[in-house]
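This report walks through one structure for a reader who is meeting it for the first time. Please look at the sequence and the model together before reading on.

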Amino acid sequence: MPNYGLLIDYEYCSGCHSCEVACKEEHGFPVGKHGIRVFNDGPWPIDNRKMNWNKIPIPTDLCDLCADRVAKGKVPTCVHHCLCQAMKFGTIDELCEDLKRKHKQVLWVPREGEPLNWQEEIDTTSVVEKLKHVKHDITYSVADDSALKGGEANTSFKLALQREEQKLDERQKVE
Ligand code: SF4
Ligand code: SF4
């Protein structure tokens, strides 16, 4: 189990994406690859005067907790560039203590072992084949699930499936 992590206070996150940009710059990630993403929860109306809209930054499996910077005694670059001071780097024990003191925070711990190797050559043909199997399995399970048959969930699922099929077709055309 890793000893270090990030504590992210999403109540004070402004959604500026500086952490995303700083992380990409630091690691040289190409288009489409990120060490951290800022996700949206909302917006949706709570009542006539208020909206719910949370910005929630979540590191990815490419995050190495800025090992090179940390080895030189610096904090991770996302923490350094967060103008809202909404991110904190530390030991899991320290961060758990901080977590107890405040609501609307997420504690993130990296994956076990090395981060994923984003420079690895990917055989896109096998990815498309895998997607086909996923599509088949999903179609089979929906057809088999009487609880979903004819229901609203089934309709929205079919729409989602159609979108996935379109994306798959477009990918196959490109290849
Ligand atoms: S840099 Fe800080 S305020 Fe900006 S999106 Fe990231 S966590 Fe939120
Ligand atoms: S700790 Fe470093 S690698 Fe991880 S999200 Fe922050 S900037 Fe990216």
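Predicted model: local features only at pLDDT ≥ 70, side-chain atom pairs only at ≥ 80, totals over all residues.

How many bridges join β1 to β4, and do these strands run parallel or antiparallel? Five bridges join β1 to β4, and the two strands run antiparallel.

## Overall make-up

The chain has 175 residues, of which 15% count as buried. Its secondary structure comes to six helices and five strands, and from the N terminus on these elements follow one another in the order β-α-β-β-α-α-β-α-β-α-α.

When contacts between residues at least 6 apart in sequence are considered, 62% of them join residues at least 24 apart.

Strands of a sheet pair through backbone hydrogen bonds, and the pairing may be either parallel or antiparallel. In this model an open sheet of three strands has the order β4-β1-β5, with antiparallel pairing. The strands β4 (87–91) and β5 (105–108) stand at the edges, and because each has a single partner strand, one side of each is left without a neighbour in the sheet. Neighbouring strands of this sheet are turned by 20° against each other on average, with direction ignored.

Helix α4, made of residues 92–101, packs on the sheet and touches β1, β4 and β5, while its direction makes about 130° with that of β4. Within the pairing of β1 and β4, which rests on five bridges, G5 stands opposite G90 in β4.

## L7 in strand β1

L7 is found in strand β1, which covers residues 4–9. Why does L7 count as buried? L7 is buried because 22 other C-beta atoms lie within 10 Å, where the cut-off for a buried residue is 20 or more.

Leaving aside neighbours within four places in sequence, L7 is in contact with K88, L95, D98, L99, Q105 and L107. The C-alpha atoms of L7 and A86 are separated by 8.2 Å, although these residues are 79 residues apart along the chain.

## The β2–β3 hairpin

A hairpin joins β2 to β3 through five residues. These two strands run antiparallel and are joined by eight bridges, and the bridge partner of R37 is I58 in β3.

Strand β2, residues 36–45, is hardly covered, since the count of buried residues among its ten residues is one. P43 has its place in strand β2, and a cis peptide bond, with omega of about 5°, joins G42 and P43.

In soluble globular proteins, nonpolar side chains tend to be buried together. The largest nonpolar core of this model holds 18 residues, and those that touch the most other members are I8, C19, C78, C82 and M87. The elements that give two or more residues to this core are β1, α1, α3 and β4.

## Surroundings of the two ligands

There are 15 residues around ligand 1, and of these C13, C16, S18, C19 and C82 come nearest. The shell around ligand 1 divides into nine nonpolar, five polar and one charged, and α1 and β3 (51–59) each supply at least two of its residues.

The residues around ligand 2 include C23, E26, C63, C66 and C78. This shell divides into eight nonpolar, two polar and two charged residues, and both α1 (18–27) and α3 (77–81) supply at least two residues each.

H17 is partly exposed, because 13 other C-beta atoms lie within 10 Å.

C66 likewise has a positive phi, near 50°, and is a residue other than glycine. C66 is found in the loop between β3 and α2 (67–71), and since 23 C-beta neighbours lie inside 10 Å, C66 counts as buried. C66 also belongs to the residues around ligand 2.

Methods
Residues numbered from 1 in each chain as written. Chains lettered and ligands numbered in written order. Helix = DSSP H or I, 4+ residues; strand = E, 2+ residues; numbered from the N terminus. Buried ≥ 20, exposed ≤ 12 C-beta atoms within 10 Å, placed from the backbone. Contact = placed C-beta atoms within 7 Å. Near = placed C-beta within 6 Å. Nonpolar A, V, L, I, M, F, W, Y, C, P; charged D, E, K, R; others polar. Pairing = 2+ DSSP bridges. Axes fitted to C-alpha atoms, helices over the stretch in contact; angles between N-to-C directions. Core = buried A, V, L, I, M, F, W, Y, C linked by C-beta atoms within 7 Å.
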